[in-house]
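Open the model in your viewer and keep the sequence panel beside it. The tour goes from one selection to the next and says what is found at each stop.

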Amino acid sequence: MNEEIKLKILEKIESYRTIIVSRHIRPDGDAVGSTKGLVRLLKDTYPAKDIYLVNDDYADYLAFCGSEDTVTEDIYENALLITIDTGTRKRISNANFQKAKEIIKIDHHIEADPYGDLNWVEDFRSSACEMIADFYLTFKDRLKMSTEAATYLYMGMVTDSGRFRFEGVTGETLRLAAALFDFGIDYETLFAHLYMETPERLKLKSYVYDHLQTTKNGVAYIYMSEALQKQFHLNLESASDVVSDLSKIRGSLIWVAFIYNSEKQEIRVRLRSRFLGINDLAIKYHGGGHNMAAGATVYSEEEMYALIEDADKLLGEYKATHEGWL
Ligand code: AMP
């Protein structure tokens, strides 16, 4: 069935002269990699088309991927808009998306909002980049892959899959990554961009390890309050990064970062887990995402502690009924 959707998507792309590509707000490596990768692929394949990458926000840590485009609103009227890696319309990083003539949604989140005129959603994929790589291989006689496009897509695959460690990684994932790798990716530079940290970031990490809390059953969490963000000169994005610092604690199968958003006066929640799912917990707190990586929002410290209590209960039940977890 998905072969049919892919063909329809290719036909739509071929029928439009103007194409706009967008991703989700607060982008990660997959959102940027998949959109940059597709745009490069389409520009190289169809040099006569006007193809734009348009988003309302960006992420400083991905600035090495280069800039994006700005377009006037009238461009949308006859444009095809392709969103990638964006489960719900609320998360599209393009306030003008509804002005486009048609929308194609390409995504790997659990389907909750089929907002596209065409929706190609495969939630078993470890990244959206994997889908774009698959799209390319399906039509490789009609599409042109460059080293640059392959590098963007490979970047999204390695980041969203935790370097090919997370749930959803399959032999197919590795075969698609291998196909991209054959385009001559400069992996030394790519991984330097992904791994190198500033002394300031390491100081923050040290603080996080000193101050993180652990519940009775092992849920690790930290609250990045407004005061803490000021102390370390953090913006919302850099404060949110701390979730990754909590990921390697033995016995803490669920870990959560709470980040106060002073502008919206709410608390962003980043939930992660191994061995057990936390998506339902995220949904309960106004969010969602993947089984083991999800986001939510809480509106008070009281609600934050309620979420922690729920997470603790979930982990307690899991530990009581399963063996072999770490
Ligand atoms: P994050 O912690 O923002 O990296 O999000 C982890 C995953 O959950 C990503 O795939 C997001 O797209 C998804 N996600 C984050 N926040 C939300 C939300 N409020 N509603 C639905 N999905 C979300």
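**Stop 1: the ligand**

Select the ligand and the residues around it: β9, β10 and β11 each supply at least two residues of this shell. Strands, like helices, are numbered from the N terminus and are DSSP runs, with helices being H or I of at least four residues and strands E of at least two. This is a predicted model, in which local features need pLDDT of at least 70 and side-chain atom pairs count only at pLDDT 80 or more, while totals for chains, interfaces and linings use all residues. Residues are numbered from 1 along each chain as its sequence is written, and side-chain values use heavy atoms, with hydrogens and water left out.

Which residues come nearest to the ligand? Of the 13 residues around it, they are R91, H109, R268, R270 and R272. A residue counts as near if one of its heavy atoms lies within 4 Å of the molecule.

Now show the polar contacts (pairs of N or O atoms within 3.5 Å; within protein, one must be able to donate a hydrogen and the other to accept it, and residues adjacent in sequence count only if both atoms are side-chain atoms). An N or O atom in the side chain of H109 is 2.7 Å from an oxygen atom of the ligand. A nitrogen atom of the ligand lies 3.1 Å from a backbone N or O atom of G288. At G295, a polar backbone atom is 3.5 Å from an oxygen atom of the ligand. On its own the ligand has 480 Å² of accessible area, and the protein covers 85% of that. Such areas come from the Shrake-Rupley method with a 1.4 Å probe; for residues, only the protein chains shown count as cover.

**Stop 2: the mixed sheet**

Select β6 to β11. These six strands form an open sheet in the order β6-β7-β8-β9-β11-β10, with mixed pairing. Two strands pair if DSSP finds at least two bridges between them. The edge strands, β6 (213-214) and β10 (288-289), each pair on one side only.

Go to β8, residues 254-261, which pairs with β7 (residues 220-224) in the parallel sense over five bridges. Along this pair, A220 stands opposite W255, and Y221 has V256 as its bridge partner. On the β9 side, β8 is joined by eight bridges and the two run antiparallel; here V256 stands opposite L271. β8 and β9 form a hairpin with four residues between them, and Q265 in the turn has a positive phi of about 55°.

Why is β8 described as largely enclosed by the rest of the structure? Because eight of its eight residues are buried, where buried means under 20% relative accessible area, exposed over 50%, and partly exposed in between (1.4 Å probe, protein chains only). In a regular strand the side chains alternate between the two faces of the sheet. In β8, I254, V256, F258 and Y260 are on one side and W255, A257, I259 and N261 on the other.

Axes are lines fitted to C-alpha atoms, for helices over the stretch in contact, and angles run from 0 to 180 degrees between N-to-C directions.

**Stop 3: K284**

Select K284 in helix α10 (residues 279-284). Is K284 buried or exposed? At 52% relative accessibility, K284 counts as exposed. Its side chain makes a polar contact with the side chain of D310, at 2.7 Å.

**Stop 4: the parallel sheet**

Select β1 to β5. These five strands form an open sheet in the order β2-β1-β3-β4-β5, with parallel pairing. The edge strands are β2 (50-53) and β5, each pairing on one side only. β4 (residues 102-107) and β5 pair over four bridges, and K105 stands opposite N119 in β5. Helix α3 packs on the sheet, touching β3, β4 and β5, and its direction makes about 110° with that of β5.

**Stop 5: S127 and α3**

Select S127, in the loop between β5 (118-121) and α3 (128-138). S127 is buried, with a relative accessible area of 0%. At the start of α3, a side-chain oxygen of S127 reaches to within 3.0 Å of the backbone nitrogen of E130. Leaving aside neighbours within four places in sequence, S127 is in contact (heavy atoms within 4.5 Å) with D30, H108, G156, M157 and D160. Finish on α3 itself, where nine of the eleven residues are buried, among them C129, M131 and F135.
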